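Me: Hi! Could you walk me through this structure with a few questions and answers?

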Amino acid sequence: MTEGRLQWHAAFGAALRIELGQEAEKLRIEEEHLLGKKPMQMDVLVIKKRKQDVIQKNIARIFRTYNIIEYKSPEDYLSINDFYKVYGYACFYQSETERIGEIDPGELTLTFVCNHYPHRLLRHLRRARGIKAVETDPGIYVLSGDPIPMQVIVTKRLSRTENYWLQSLRCDLQAGSEIRDLLEAYEPKKHELWYQALMEVIVRANWEKMEEERDMC
């Protein structure tokens, strides 16, 4: 069951749609958005359909019109190079248009999603660029000191109440109440495609613990 590469990015796309479900009518979500004609692509691009709409969900409060999201799987980490690559995506995306100023730079945001707190990156940003990270909600760190609004989301530190499914997108779930609660939460959603895609990856990533829980039951 654990063989084969886990589709973490596809599961993240599903979790993001679940998290932003109540805001879905205001947003258009494009996964693996291509930048230009060459194979350079962002993990997720979220575009507000109407500039004046306010997004209430905690993971998206910084959103403006064009919101670039970089996702790192639980097996990966967010590096200094990742930061500059995605920052470059924002600049390229703003410039790769038919008309000059078609995309207002003030309407861009960057979101970095990872499972491990990026100590080295945040230390570098503070020392090299004067960018500070402030935790505004559990697991959500807003970066201040740059013209582009940015945030880092550490999924395992997110609120289980506010961000249950995104917080559960991990490979270290524990047998017992954590997995039982997950299965109970999934039961009424099991016929919905986004939940199916998300749950498939969660189960495969935690197969041994799932089996252990099944044996205990």
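Me: Which helix gives the most to the lining of the largest pocket?

Reply: This is a predicted model, where local features need pLDDT of at least 70, side-chain atom pairs count only at pLDDT 80 or more, and totals for chains, interfaces and linings use all residues. Residues are numbered from 1 along each chain as its sequence is written, and side-chain values use heavy atoms, leaving out hydrogens and water. The largest pocket has 13 lining residues, and helix 6 (193-205) is one of the elements giving two or more of them. With three residues, the top contributor is helix 1.

Me: How many residues of that lining in the largest pocket are charged?

Reply: Asp, Glu, Lys and Arg count as charged, Ala, Val, Leu, Ile, Met, Phe, Trp, Tyr, Cys and Pro as nonpolar, and the others, Gly among them, as polar. The lining of the largest pocket has four nonpolar and three polar residues, and the charged ones number six.

Me: Is Glu-75 buried or exposed?

Reply: Glu-75 sits in the loop between strand 3 (66-71) and helix 2 (80-95). Buried means under 20% relative accessible area, exposed over 50%, and partly exposed in between, with a 1.4 Å probe and protein chains only. Because its relative accessibility is 60%, Glu-75 is exposed.

Me: With which side chain does the side chain of Glu-75 make a polar contact?

Reply: Not counting residues up to four places away in sequence, Glu-75 touches Leu-6 and Trp-8 (heavy atoms within 4.5 Å). A polar contact needs a pair of N or O atoms within 3.5 Å, with one able to donate a hydrogen and the other to accept it within protein; residues adjacent in sequence count only if both atoms are side-chain atoms. At 3.4 Å, the partner of Glu-75 is Trp-8.

Conventions
Helices (H or I, at least four residues) and strands (E, at least two) are DSSP runs, numbered from the N terminus. On a 1 Å grid over the protein atoms alone, a cavity is a set of points where a 1.4 Å probe fits but cannot get out, and a pocket is an open set with protein on both sides within 12 Å along at least five of seven lines; lining residues have an atom within 4 Å of a point.
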